[in-house]
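Here is my note on the chain, as numbered points. Please read it with the structure open.

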Amino acid sequence: MPRHVVLVIAAAFLSALAFPVIASAAAPKLSEISHVNYAGMQKIRYRYGPVTITPGQNVIRINATDLKPKVAGFITRFKPDLVRVKDLKPPPVDVLHLHHAVWLINRHDGEGDTPSFAAGEEKTIVQLPLGFGYAYKPTDTWTVNDMLHNLLPNPDSVYIQWEIDFVPATSPAAASIKSTSMHWMDVAGLRTYPVFDAKRSFGKNGRYTFPNDARGSQQAAIGSAHQWTIPHDLTLVQTAGHLHPGGLWTDLKVTRNGVTKPLFRSVADYFEPAGAVSWDVAMTATKPEWRVRLKEGDVVSVSATYDTSKASWYESMGIMVLAISDDPAAGGVDPFGAKVDTRGVITHGHLSENNNHGGESIGLPDARQLLSGSPAVGPLSIYDFTYTRGDLGLIGRNGRPPTVKTGQSLTFRNDDATKEIWHTITACKSPCNGASGIANPLANGPVDFDSGELGYSFLPGGNHIGGPPASGAIEWATPSNLKPGTYSYFCRIHVFMRGSFRVTK
Ligand SMILES: [Cu+2]
């Protein structure tokens with residue numbers, strides 16, 4: 001059952017500046033999936049924005065865009081990015097963050113808006129194999145659904161950037177390109193905000209595969225788009241997965257007559273020294289020669305596997321976009337007659353915007369060594385990016401951990417919510433006082449607690465509504481069953497925000 005879907009439309013329509021740039025042909029990095037070139041192919045770069053990201057911002061925006069080719073043809077490669085307006089360079093991921101961008105394309109063929117290209121902070125490049133191209137028509141309507149985080153309390157301005165390889169239909173090479181369409185598979189979709197949690201208590205042996213391992217209330221997040229019944233014989237020609245930190249891989253499988261075969265595993269190849277805990281990662285995509293012939297009635301399915309041994313992962317994703325050819329001459333192996341090569345190649349190398357891993361000492365106290373603050377009476381205000389009681393950045397009495405008796409709860413209230421700034425109270429392992437970075441802090445407290453994103457979304461006119469991703473509440477109470485001790489927490493949206501409280505006997 002889809003939960004209620006609310007789209008947050010930016011009050012001001014983004015002025016989408018169109019300045020397509022013909023990019024110079026840069027030498028591909030060794031680890032990057034190699035370019036496929038065609039005679040007459042154009043490399044076109046689009047920049048969408050400027051998008052102002054206010055400090056608390058985490059909203060999902062949906063806006064039409066005319067940043068697309070002017071003539072019909074084939075898109076053969078799609079490379080997403082996020083760049084700052086001031087220097088046109090990708091900002092550090094621990095500062096500004098492309099949670100996701102999805103390009104919805106309406107082909108006016110009765111199918112409605114179809115998510116066709118997507119980007120997360122892992123910045124996977126879609127390169128269709130030689131002889132295949134996404135069939136683009138200038139009458140297609142393009143819409144960009146984006147969600148950007150600003151992890152610092154200063155406004156900033158960015159462009160969402162995408163570079164495409166485009167073969168105009170009029171160029172001779174176009175005749176050799178088979179028309180390709182995209183099918184979106186999503187373990188928690190289709191929804192505006194298709195996410196699920198992967199907590200340490202989920203799954204087994206530190207691994208949680210969604211939706212396969214989902215039990216009880218975890219099943220509420222399962223999306224119908226995790227399965228697809230093949231409507232007519234077709235050939236899969238390319239796919240890659242999208243995951244969040246903690247993700248290990250996505251799997252694509254097919255079931256026919258009760259027999260299930262693997263088709264592809266998109267592996268998260270972490271450059272991150274601490275392992276599967278950050279965005280310093282590249283996903284593998286299918287090899288150029290990968291083709292899978294499927295029959296009408298086959299059921300394909302996707303799943304996403306997360307490492308739940310080190311931390312809990314909230315609002316996680318698992319998506320695979322399939323590139324499909326309906327042309328019977330596209331070839332491909334029958335997965336029930338031959339083995340399919342399920343191993344892929346990464347689509348890019350380490351990106352320098354992921355260099356700040358965090359964790360080094362920045363002089364914040366270890367709350368376990370602080371004197372107790374006074375007992376918490378009434379909700380504790382979160383205001384101006386500060387937990388006004390117990391914030392590790394506060395000096396003096398307000399910086400001491402407020403106390404609560406065993407068996408009772410401590411309540412937080414987000415008083416930044418009126419500014420559409422959302423915060424979380426998320427358990428982390430004490431001292432949880434190291435520098436912020438892409439790998440720090442983690443949701444790795446001795447017990448899990450998480451408030452969700454406390455706050456509202458605002459509609460034009462000022463009415464506020466619940467999320468997603470905002471929880472729709474501004475107050476949240478800690479679990480009442482915590483054992484005596486000092487508990488550390490952080491804000492998942494603004495990871496520099498750290499605090500503590502103490503449970504006493
Ligand atoms: Cu926050």
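1. Among the contacts in the chain with a separation of 6 or more, 79% join residues 24 or more positions apart. Two residues are in contact if their C-beta atoms, placed from the backbone, lie within 7 Å.

2. Ground rules. This is a predicted model, in which local features need pLDDT of at least 70 and side-chain atom pairs count only at pLDDT 80 or more, while totals for chains, interfaces and linings use all residues. Residues are numbered from 1 along each chain as its sequence is written.

3. Confidence. The chain averages a pLDDT of 88, and 90% of the residues score at least 70. The term pLDDT is the predictor's confidence in each residue, from 0 to 100. Over residues 1-31 the pLDDT stays under 50. The model has 49 contacts beyond four places in sequence for that stretch. Where pLDDT is low, the predicted coordinates should not be read in detail.

4. Overall form. Along the principal axes, the C-alpha atoms fill a box of roughly 75 × 50 × 45 Å. Of the 505 residues, 49% count as buried. Buried means 20 or more other C-beta atoms within 10 Å of the residue's own, exposed means 12 or fewer, and partly exposed lies in between; C-beta atoms are placed from the backbone.

5. Secondary structure. The chain has 33 strands and zero helices. Both are DSSP runs, numbered from the N terminus: helices are H or I with at least four residues, strands are E with at least two.

6. Domains. The domain assignment gives domain 1 (21-354) and domain 2 (358-505). Such bounds come from an automatic or database domain assignment. The C-alpha centres of the two domains lie 33 Å apart. Domain 1 brings 26 residues to the contact and domain 2 brings 24 residues. On the domain 1 side, eleven are nonpolar, eight polar and seven charged. Here Ala, Val, Leu, Ile, Met, Phe, Trp, Tyr, Cys and Pro count as nonpolar, Asp, Glu, Lys and Arg as charged, and the others, Gly among them, as polar.

7. Strand β5. How many of the eleven residues of β5 (residues 96-106) are buried? Nine are, so the strand is largely enclosed by the rest of the structure. Ten bridges join β5 to β9 (residues 141-150), antiparallel. Histidine 97 stands opposite histidine 149 in β9. Seven bridges join β5 to β6 (residues 113-120), also antiparallel. Isoleucine 105 has threonine 114 in β6 as its bridge partner. Two strands pair if DSSP finds at least two bridges between them.

8. Tyrosine 38. This residue is in the loop between β1 (21-22) and β2 (42-53). Tyrosine 38 is buried because 20 other C-beta atoms lie within 10 Å. Not counting residues up to four places away in sequence, tyrosine 38 touches Thr76, Val167 and Ala173. Isoleucine 62 is 24 residues away in sequence and 33 Å away in space, C-alpha to C-alpha.

9. Threonine 478. The loop between β31 (475-477) and β32 (485-490) holds this residue. Threonine 478 is buried, with 21 other C-beta atoms within 10 Å. Leaving aside neighbours within four places in sequence, threonine 478 is in contact with Ser409, Leu410 and Phe449.
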